[in-house]
Amino acid sequence: MAVLVLADRSGSAINQPTRSAVAAAGQIDREVHLLVLGAEQAEAAAKLPGVAKVLKAEGEAYAHALAEPTAALLVALAPNYTHLLAPGSAQGKNIMPRVAALLDVQIVSDIAGVVDADTFRRFFYAGNALATVKSADARKVLTVRAASFDPVPAEGGPGAPIEAVRPAEDPGLSRFLRAELAKSARPELTAARIVISGGRAMGSAENFRILEGVADKLGAAIGASRAAVDAGYAPNDLQVGQTGKIVAPDLYIAVGISGAIQHLAGMKDSKVIVAINKDEEAPIFQVADYGLVADLFKAVPELEAELERTK
Amino acid sequence: MKLLVPVKRVVDYNVKVRVKSDGTGVETANVKMSMNPFDEIAVEEAVRLKEKGIASEIVAVSIGVAAAAEQIRTALAMGADRGILVEHDGALEPLAVAKILKAVVAKEQPQLVILGKQAIDDDMNATGQMLAALLGWPQGTFASRLEIADGKATVTREVDGGLETVELRLPAIVTTDLRLNEPRYASLPNIMKARKKPIETLKPADLGVDPAPRLTVLKVEEPPKRQAGKKVASVQELVDKLRNEAKVI
Ligand SMILES: Cc1cc2nc3c(=O)[nH]c(=O)nc-3n(C[C@H](O)[C@H](O)[C@H](O)COP(=O)(O)OP(=O)(O)OC[C@H]3O[C@@H](n4cnc5c(N)ncnc54)[C@H](O)[C@@H]3O)c2cc1C
Ligand SMILES: Nc1ncnc2c1ncn2[C@@H]1O[C@H](COP(=O)(O)O)[C@@H](O)[C@H]1O
């Protein structure tokens, strides 16, 4: 038998969270199949090392990865697989629990480690505890915490065969109306090697943009705390934390962020953490490798200038 | 239209939990318990729908220990009309909760169930989607905006990259994200009034559900701790350290 990974819909490429899920799948079984929704991703999928077969599902119902028809498709494919996985992205989190319930299986969400085919590690309580859990279900349904698995490369595989799969019946319960997706030239938050995040202290959407100068110099992605998103300084998809995105870049720079446990849950696996905060007692300093006690409105422009000067 | 709102009793979000030294779980004795924050948002949304005349009745349900009645009381004080407590003392996973909720739905016949997107204790983010699957209903997860009209729910969802709007045929499941609304505080008179609102108590067996878990927790550990590093005196020193010591830029 084999394991099946559902790819995130992401243009014509296979995104990094999906490639991390392929890496996790490879620790469970050598035979990994990748399911793509739509023809445009099939070629990129076939190039991934570690993918033995690409399944391609085409149809209006999958164009926006609606949960109801996509879950029906996975359930139809399930008999051929011991494990069904997806990245713990917004798409994976929406679809996979639905698949699990239809198969009468308890999902294991956001696995951070594979112990064996039945046993997985996952964080809970905002990353404050790490559990090892063994599933008694005959078939496993999992989402993968991308930050915990080094992604397989985007290219270099021998070229997996691509097979079209028959669409499952669309239950016709929901309809896609529209998407408002931010277009950004910056690297994706969960894939970036460097992330600079701003908090409530940024003070306004306009002020928040001072982070862009530093991000441009470093080729960094921009993130935000919940407080900054709630206040409208940054869009929702930039929220880093327990209930936002989980990132583990080489360098994470937290600017005007206090370091609440919910924020730490999303970034404390970063290799190097820098904190810039004017309060030397701020909890963020307890996890920072380098702490700068300073007013951000002075420090951020200085940082941009210093990066320019020493480049 | 009737609404059902499941509310979970969880360790308060301000508590930093401790892993038990014997590795069996986390310390929950004598810690502050609250309603899961995403469920407060769900209750608030339900109350707003009632205030707009769209909903006629709100039923709050909790599954758990007897003390979960406190979280139902909080929902009643915020504006829910009555409560159902499904008493169970033991591990509960999203699949079991979804099966119990399915049975409650069969009994109550709501047109909409609003859940939190995620319980902040197990961090599963699964129950709403599982309930939708078991009922064969559509799902609008991670909602930051909800409109109900003409037998349909229009849900704007927080997704990777921005927002997405879907239309669901009712009956449907919605799960809340942080930006859907800001929950109200219950006023003292409403807390008093809530004491008189009815709470029905049931057992999983009354609903024909076996809540036995499917996952066995083999061990719970404290994750590796990060050490606090050093303070740098200037931006110049910071950049120097990042270039020459950490070598990350
Ligand atoms: C259910 C739930 C889920 C949550 N999920 C998340 C999540 O996923 N991600 C997340 O981030 N949070 C989350 N939170 C919120 C979290 O608890 C904190 O409220 C939030 O992280 C605080 O954001 P902040 O650090 O930007 O703001 P604050 O805590 O207000 O901190 C602002 C910091 O800026 C500093 N400061 C002020 N002025 C300056 C200046 N001029 N220069 C330098 N420093 C300055 C202050 O000293 C302070 O430390 C969640 C909360 C709940 C209840
Ligand atoms: N024991 C419970 N009682 C009532 N509601 C629950 C319970 N467990 C989960 N829920 C609901 O399901 C949501 C998601 O929980 P979870 O899937 O565990 O992350 C919560 O926000 C609640 O609305």
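Start at ligand 1. A polar side-chain atom of Thr243(A) sits 2.8 Å from a nitrogen atom of ligand 1. Polar contact here means a pair of N or O atoms within 3.5 Å; within protein, one atom must be able to donate a hydrogen and the other to accept it, and residues adjacent in sequence count only if both atoms are side-chain atoms. Lys278(A) uses a polar backbone atom, 3.1 Å from a nitrogen atom of ligand 1. Asp295(A) brings an N or O atom of its side chain to 3.2 Å from a nitrogen atom of the ligand.

How much of ligand 1 does the protein bury? Alone, ligand 1 exposes 990 Å², and the protein buries 85% of that. Those areas are Shrake-Rupley values with a 1.4 Å probe; for residues, only the protein chains shown count as cover.

Which elements give two or more residues to this shell? From chain A, helix H7 (226–230), helix H8 (261–264) and helix H9 (296–309); from chain B, helix H1 (37–51). Helices are DSSP runs of H or I with at least four residues, strands are runs of E with at least two, and both are numbered from the N terminus. Residues from chains A and B surround ligand 1, so the site is shared between chains.

In total, 29 residues surround ligand 1. The closest are Arg200(A), Ser225(A), Gln239(A), Val240(A) and Ser258(A). To count as near, a residue needs a heavy atom within 4 Å of the molecule or strand in question. By class, the shell splits into 12 nonpolar, 12 polar and five charged residues. Nonpolar covers Ala, Val, Leu, Ile, Met, Phe, Trp, Tyr, Cys and Pro; charged covers Asp, Glu, Lys and Arg; the others, Gly among them, are polar.

A word on provenance. This is a predicted model: local features need pLDDT of at least 70, side-chain atom pairs count only at pLDDT 80 or more, and totals for chains, interfaces and linings use all residues. Residues are numbered from 1 along each chain as its sequence is written, chains are lettered from A and ligands numbered from 1 in the order in which they are written, and side-chain values use heavy atoms, with hydrogens and water left out.

Confidence next. The predictor gives the complex an ipTM of 0.97 and a pTM of 0.97. Chain B averages a pLDDT of 97, and 100% of its residues score at least 70. pLDDT is the predictor's confidence in each residue, from 0 to 100.

On to ligand 2. There are 19 residues around ligand 2, and Asp39(B), Ile63(B), Ala119(B), Asn125(B) and Thr127(B) come nearest. Ile63(B) also places a backbone N or O atom 2.7 Å from a nitrogen atom of ligand 2. A polar backbone atom of Ala126(B) is 2.9 Å from an oxygen atom of the ligand. In Asn36(B), a side-chain N or O atom is 3.0 Å from an oxygen atom of ligand 2. Taken alone, ligand 2 exposes 480 Å², and the protein buries 99% of that.

This shell has 10 nonpolar, six polar and three charged residues. E4(B) gives the largest share, three residues.

Now H3(B) itself. 11 of its 15 residues are buried, so H3(B) is largely enclosed by the rest of the structure. Buried means under 20% relative accessible area, exposed over 50%, partly exposed in between, with a 1.4 Å probe and protein chains only. Among the buried residues are Pro94(B), Ile100(B) and Glu108(B).

Gln109(B) lies in the loop between H3 and E6 of chain B. Its phi is near 55 degrees, a positive value in a residue other than glycine. At 57% relative accessibility, Gln109(B) counts as exposed.

Phe142(B) also has a positive phi, about 55 degrees, and is not a glycine. Phe142(B) sits in strand E7 (residues 139–149) of chain B. Is Phe142(B) buried or exposed? Buried, with a relative accessible area of 4%.

Last item: the peptide bond joining Leu170(B) and Pro171(B) is cis, with omega about 0 degrees. Pro171(B) is in the loop between strand E9 (162–169) and strand E10 (172–176) of chain B.
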